[in-house]
Amino acid sequence: MRQAALSSPPLLVLGVVLAVVEPARAEAAAASLPAAPPPAAESPPLAAPEDTGELSGLLDEDIVSAASMATETASTAPATTWTISSDELRRHGVTTLAEAINFLALGMVTERDLDFVELGARGVLINGDYGSHVLVLIDGHAVNEPWDGAAYFDRAFALPFELIDHIEVVLGPGSVLYGSNAMLGVINVVTKDARAFAGGRLVLESELPSSIRAGVGGGGEFGLWGQRGQVVAMAEYFGAQGPAIVLGPQDYGVDAVTGTRRCFDAEGPCDGVWGGLVDRGRFQEIPSAFAHLRWGDVEARVRGALARRGVPSSTYGDFDGTGNYELDRWLAADLRYHAAPLAQLDVGARAYGDLYDYVEVLPTRAAENCLEGQLGGCVYTLSGRSAWTGLELQGRFDWFGDAAYTTMLGFDGRLRAVSSDDSYLDAMSQELVVTSAYEANEAAMGVYVEQTARPLGWLSANLGARLDLDQRFGAHLSPRAAVVVDAWQDATVKAIYAEAFRAPDAFERYYSDPTWWLASDNLGPEVVRAVELVLQQRLGAQRLLAGLFASHWQGLVREEEVTADELAAAVADGRLAPGIEYAYTYRNTASMLSYGLNLGFEGSALSRQLRYGATLTLARLQADWLDVLEPLELPVASGLFGNAHVSYLFGPSWPTLGAALRFVGPRPVDASDFEPLPVAPPQLELRFTAHGPLPLVQGLAYRISLSGAFSSESPYAVGPLSAPAEGYTRQETMPVDPLRVLAGLQYSF
Amino acid sequence: VGLGLLLPLRAAALDDDVRVPIPLQATLLAKVARYDGKLAPRAGTTVRVLVVYHSDDERSRANAGRLKTALDGVTVLQGRAQQIETSALTTATALAEQIDREHIAIVVLSTGFAPPEVRAVTAALAGHDVLSASLDPGHVPGGAVLGFDVAEGKPTILVNLGQARRQNVQLAASLLALVKVVP
């Protein structure tokens with residue numbers, strides 16, 4: 001066929017020239033042509049084009065659904081979106097959501113505090129938020145739970161990675177359709193269907209020599225009672241011990257209660273010195289399972305997971321203690337039905353229910369970390385539980401049957417139950433003292449509407465708003481307006497205004513302790529408002545994105561000391577214990593402005609065997625912008641980060657080689673009282689990956705990955721000393737694992 | 001309660017069958033058709049595209065209309081006029097006769113056709129000179145020459161090479177390097 005296509009060089013040249021000068025939107029002029037004549041015998045045959053660059057570019061166009069709950073191309077979506085495919089995850093040895101974001105995503109970045117990961121976007125990272133400022137979805141089902149709003153990006157994301165088809169990253173406020181938590185953006189993890197996950201899978205993988213991951217899964221299609229169906233399921237276990245690290249030593253001194261040298265170790269002498277080898281208390285145990293069943297127009301998904309992780313460096317628990325841990329458990333179910341009762345009407349219903357609980361256990365021999373009288377130490381336990389169920393109904397009407405004007409209406413009603421308590425168990429007497437407990441049953445609902453309009457072929461608009469009514473905080477309206485213009489050939493320009501909010505989590509709203517903390521009865525939602533201008537250009541097989549953004553954050557929740565009047569009133573009505581001299585509470589007090597630019601580039605060459613991409617985010621933060629614009633340094637947040645990746649597929653029987661890097665600029669260290677505030681140096685991480693089929697055994701494939709970090713310092717302070725002391729002149733920070741080796745096998749049958 | 005209310009609704013062909021947005025399918029169809037070495041001589045001076053929908057399925061008709069609208073906005077072959085029409089499928093044989101009579105260069109199946117209906121169309125088109133495609137990628141294994149699916153969040157091109165040969169469709173090797181060949 002190639003010879004036939006080249007047999008007429010002049011016509012080939014003509015074809016190429018015509019392809020180059022082809023206008024983007026040629027009008028079909030033949031609508032009123034008379035009845036068809038036979039083909040003219042003299043019509044010149046055009047040679048098939050050999051250059052597939054333009055077609056390759058179209059095949060690299062991302063198809064997304066998170067931005068407007070409808071399938072659309074990323075270039076026309078009413079938000080800045082970036083998609084990470086499972087092929088990219090494979091090519092670059094990605095094993096966690098955090099790695100996917102760091103090495104392959106645009107506009108988002110994560111930071112790792114030993115084995116716990118935080119996420120930021122566009123220069124904003126709220127230290128200690130447990131991921132509550134980004135909405136994480138698995139196939140549209142929210143992961144963030146209503147007790148603490150938590151979502152994890154490390155291994156505790158707890159979804160077998162082989163199931164991931166692609167990850168949609170939607171940057172910027174996204175509450176217009178999803179409600180709470182979508183302030184930094186929305187991450188929608190889309191799982192594979194049976195066509196992409198047909199047959200069986202066995203997976204065995206290790207981050208040598210400290211972890212092991214084993215999984216089994218499979219998928220297939222079936223027919224039952226005249227309906228097509230499919231099922232996909234996978235279960236895995238991840239376990240890790242180490243790698244060992246050395247922390248400290250930090251000479252803390254005496255216990256404030258006993259007046260003797262403080263105990264830090266679960267065993268051994270109490271010498272007042274924190275630190276040593278961490279080789280026992282750094283562990284993870286994370287079993288997880290996910291299943292997706294579809295039969296006809298009904299879909300069901302179930303996810304169950306457990307994540308138990310050591311907390312070896314907490315200064316509230318024994319150093320490297322094996323009894324220090326955090327435990328999260330999830331059980332989620334999602335049932336959907338989708339129908340098209342009319343040609344122009346789609347309707348859908350989704351019923352969902354989730355159970356979640358969390359517990360943190362910190363045994364300590366230090367009396368100063370325990371309650372009065374617990375001189376032999378104690379076991380501190382914080383637990384939180386949440387259960388929620390809801391129903392979402394949605395209808396989309398295509399007014400003229402041509403998708404030019406569509407209206408979507410949705411309703412999402414939810415019932416929640418949350419409860420929490422913290423307690424101290426006396427290590428000697430075994431007496432349990434509960435210091436704080438709360439529980440609440442709440443109702444919440446959201447009503448949303450979205451109108452799309454394409455009045456002209458080159459112009460489309462998307463207007464929407466969601467009204468949330470929530471017993472926890474009242475009412476909040478989240479609008480969005482986006483205009484997309486086909487500016488010139490293969491280029492779109494978007495202008496977007498969007499808002500989002502985060503409902504106060506149950507801990508912020510209800511936590512109280514009569515000895516020092518007042519419940520925050522009037523806490524409202526945090527709100528972000530953002531404007532964006534985005535240009536996306538396709539040049540053959542290359543795609544460029546450039547975006548400017550500015551977002552204003554208001555009502556950020558911060559802890560503050562209560563006023564003297566509030567203190568007196570709380571003591572008088574019994575909310576605080578008599579004699580309390582100071583107490584704290586949460587308030588919506590902080591505000592900030594973030595602005596900057598995102599740049600992204602992706603492309604392919606050599607018949608798509610060579611693939612590459614790069615992103616860059618530059619952002620600047622300013623505080624109290626309504627008064628005086630002052631530079632703001634959020635702990636752990638950086639205004640400069642990005643990544644680059646390249647991979648080459650040698651052939652189906654040969655290895656695919658991938659190289660990726662991520663970089664992040666200087667970041668202020670958290671929880672430090674050093675002056676000036678310590679700054680973690682820029683970080684550069686490199687990763688090289690090879691994967692491919694193993695010879696001799698059909699279906700057996702390998703993956704090997706080597707990662708290195710150039711800086712050993714993270715932006716997380718570690719240890720009991722946060723200020724200069726004798727022999728301690730520089731803030732110690734959590735070290736970064738310098739080298740990681742991943743090796744794995746997958747057998748498909 | 002909501003599920004119970006909706007379950008009795010008749011489920012027509014869902015948009016789920018249209019995995020690639022229709023405007024992008026139109027663009028891809030126009031681009032891919034140029035790699036058919038027989039398209040230009042088949043089309044003559046006017047590229048005639050017929051979008052066929054299921055007569056008993058309103059959603060099928062609506063999707064055919066959406067594809068026509070989208071195809072009206074793209075150029076299939078530069079320098080040639082083009083005519084996009086929609087019509088309901090009566091019988092597979094009648095469709096084949098219409099293709100010959102009206103010199104249809106490309107025929108596209110809309111959504112809503114059951115596998116036996118697709119197989120019947122496939123059998124009828126064998127030996128006729130036409131590029132066939134479908135909005136539903138599930139029709140390609142059944143005999144549509146061309147279809148578009150989504151894999152890993154990106155569009156993919158599905159080609160039924162056996163049926164292509166039977167319909168005198170000659171796809172360039174450079175294209176075949178980019179497609180997924182469906183047996």
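In chain B, the mean positions of the 18 positive and 17 negative charges lie 6 Å apart. Lys and Arg count as positive, Asp and Glu as negative, with His and chain ends left out. Each charge sits at NZ of Lys, CZ of Arg, CG of Asp or CD of Glu.

Ground rules next. This is a predicted model: local features need pLDDT of at least 70, side-chain atom pairs need 80 or more, and totals for chains, interfaces and linings use all residues. Residues are numbered from 1 along each chain as written, chains are lettered from A, and side-chain values use heavy atoms without hydrogens or water.

Now the build of chain B. It has eight helices and seven strands (DSSP runs, H or I of at least four residues, E of at least two). Its radius of gyration is 16 Å, close to the 16 Å of the globule rule for 183 residues, so chain B is as compact as a globular protein of that length. That is over C-alpha atoms; the rule is 2.2 Å times the residue number to the power 0.38.

Burial: 62% of the 183 residues in chain B are buried, meaning under 20% relative accessible area with a 1.4 Å probe, protein chains only.

Over to chain A. An open, mixed sheet of five strands runs 3-8-9-6-7; pairing takes at least two DSSP bridges. Strand 3 (80–85) and strand 7 (141–142) of chain A are the edges, each with a single partner, so one side of each has no neighbour in the sheet. Strand 3 pairs antiparallel with strand 8 (residues 164–171) over six bridges. One bridge joins A:Thr83 to A:Glu168.

Conventions:
Buried means under 20% relative accessible area, exposed over 50%, partly exposed in between (1.4 Å probe, protein chains only).
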